[in-house]
Amino acid sequence: MMREEIVFGPIHSRRLGSSLGINLLPEKGKLCNFDCIYCECGWNKDGRGDKAIPDAKKLRKALEAKLKDCVKNSVGIDSITFSGDGEPTLNPDFPEIISITIELRDRYFPSAKVSVLSNATRVGKPEVFEALKKVDNPILKLDAPTDELVRKINQPHGDYHVADVVESLRKFDGDFVLQTMFLRSPDFDSSSSEVLDGWMAIVRDLKPREVMVYTLDREAPAEGLEKFTVEEMESLTRPLIEEGVNIQIRG
Ligand code: SF4
């Protein structure tokens with residue numbers, strides 16, 4: 001789904017309540033250093049060629065206008081979530097944008113929670129790590145336990161090593177949310193032992209405060225993808241649930 005505004009919503013979600021979304025990526029395109037086979041925004045190559053991304057100044061203006069408008073119209077805000085069309089930490093102003101968002105949140109809706117959905121490729125950068133540490137919910141993706149499997153499901157651009165990402169995630173000391181997509185494709189199966197066992201070992205090692213397991217929801221760009229049922233995902237993650245890991249499953 002492509003977003004053409006920097007700040008969109010609020011929309012009502014069962015999980016997040018009244019939620020504002022922030023898209024730090026091009027207004028008419030996708031910008032990501034992954035090209036996941038399940039990406040709701042489609043393949044990177046099919047983007048609409050728009051490379052203009054909002055800077056901190058533009059974000060401040062758009063977010064403050066929206067928050068003021070919500071106050072004026074007595075619309076509550078429970079959460080502010082960075083999602084949008086691609087990877088938000090690729091925006092060069094990401095650290096400054098997080099500071100501005102927290103400042104405006106504190107001023108207008110101090111009880112709202114700030115969440116960032118990220119593919120975790122840039123957590124090794126100190127400024128990105130520091131910014132993610134400041135938000136209430138850094139929600140960080142890890143779909144597969146080896147570089148070879150990540151190539152099949154996430155198709156990263158450039159240098160990507162699961163071991164490096166795991167080392168960077170370790171610095172959160174468990175204070176983050178791990179997000180993992182479960183799906184079957186012709187050459188990737190989240191329920192196979194090569195994926196599941198390695199992934200569970202990483203969860204046990206990093207001990208995230210929450211693990212969000214989800215499956216396909218909307219149209220995916222690749223052919224032949226199959227989703228899992230909630231029951232299947234529950235049964236696959238049962239060993240971790242029994243060990244006391246906080247697993248949230250979304251079908
Ligand atoms: S990380 Fe997110 S935005 Fe990037 S390709 Fe994957 S699903 Fe799409």
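This is a predicted model: local features need pLDDT of at least 70, side-chain atom pairs count only at pLDDT 80 or more; totals for chains, interfaces and linings use all residues.

Author: Let's begin with E1 and E2 (residues 17-22), which pair in the antiparallel sense over five bridges. The two make a hairpin, with three residues between them.

On we go to the next strand. E2 also pairs with E3 (residues 79-82), this time in the parallel sense, over four bridges. Here Gly21 of the pair stands opposite Thr81 in E3.

Now zoom out to the whole sheet. It is an open one of eight strands, in the order E1-E2-E3-E4-E5-E6-E9-E11, and the pairing is mixed. Strand E1 (7-13) and strand E11 (247-250) stand at the edges; each has a single partner strand, so one side of each is left without a neighbour in the sheet. On average, neighbouring strands of this sheet are turned by 25° against each other, direction ignored. As for what holds such an arrangement together, strands of a sheet pair through backbone hydrogen bonds, either parallel or antiparallel.

E11 pairs with strand E9 (residues 210-214) in the parallel sense, over four bridges. Met212 has Gln248 in E11 as its bridge partner. Helix H7 (residues 230-242) lies across E9 and E11, and runs at about 170° to E11.

There is another sheet to look at too. Three strands form an open sheet in the order E8-E7-E10, with antiparallel pairing. Strand E8 (188-189) and strand E10 (226-227) stand at its edges, each with a single partner strand, so one side of each is left without a neighbour in the sheet. Strand E7 (residues 183-185) pairs with E10 in the antiparallel sense over two bridges, and Arg184 stands opposite Glu226 in E10.

Lys227 counts as partly exposed because it has 17 C-beta neighbours inside 10 Å. Lys227 and Leu183 are 44 residues apart in sequence, yet their C-alpha atoms are 5.1 Å apart in space. Not counting residues up to four places away in sequence, Lys227 touches Leu183, Thr215 and Leu216.

What about the packing? The largest nonpolar core has 61 residues, and those with the most contacts inside it are Ile22, Leu24, Val123, Leu140, Ile153, Leu169 and Leu178. Helix H2 (residues 94-108) gives the most to this core, with four residues. As a rule, nonpolar side chains tend to be buried together in soluble globular proteins.

Leu24 is a handy one to select if you want to trace that packing by hand. Leaving aside neighbours within four places in sequence, Leu24 is in contact with Ile53, Pro54, Phe82, Gly84, Pro88, Asn91, Phe94 and Ile97.

The residues around the ligand are Cys32, Phe34, Asp35, Cys36, Cys39, Cys41, Gly86, Glu87 and Asn119. Sorted by class, that shell has five nonpolar, two polar and two charged residues.

Definitions and conventions: Residues are numbered from 1 along each chain as its sequence is written. A nonpolar core is a set of buried Ala, Val, Leu, Ile, Met, Phe, Trp, Tyr and Cys residues joined through C-beta atoms within 7 Å. A residue is buried if 20 or more other C-beta atoms lie within 10 Å of its own, exposed if 12 or fewer, and partly exposed in between; C-beta atoms are placed from the backbone. Two residues are in contact if their C-beta atoms, placed from the backbone, lie within 7 Å. A residue is near a molecule or strand if its C-beta atom, placed from the backbone, lies within 6 Å of it. Ala, Val, Leu, Ile, Met, Phe, Trp, Tyr, Cys and Pro count as nonpolar, Asp, Glu, Lys and Arg as charged, and the others, Gly among them, as polar. Two strands pair if DSSP finds at least two bridges between them. Axes are lines fitted to C-alpha atoms, for helices over the stretch in contact, and angles run from 0 to 180 degrees between N-to-C directions.
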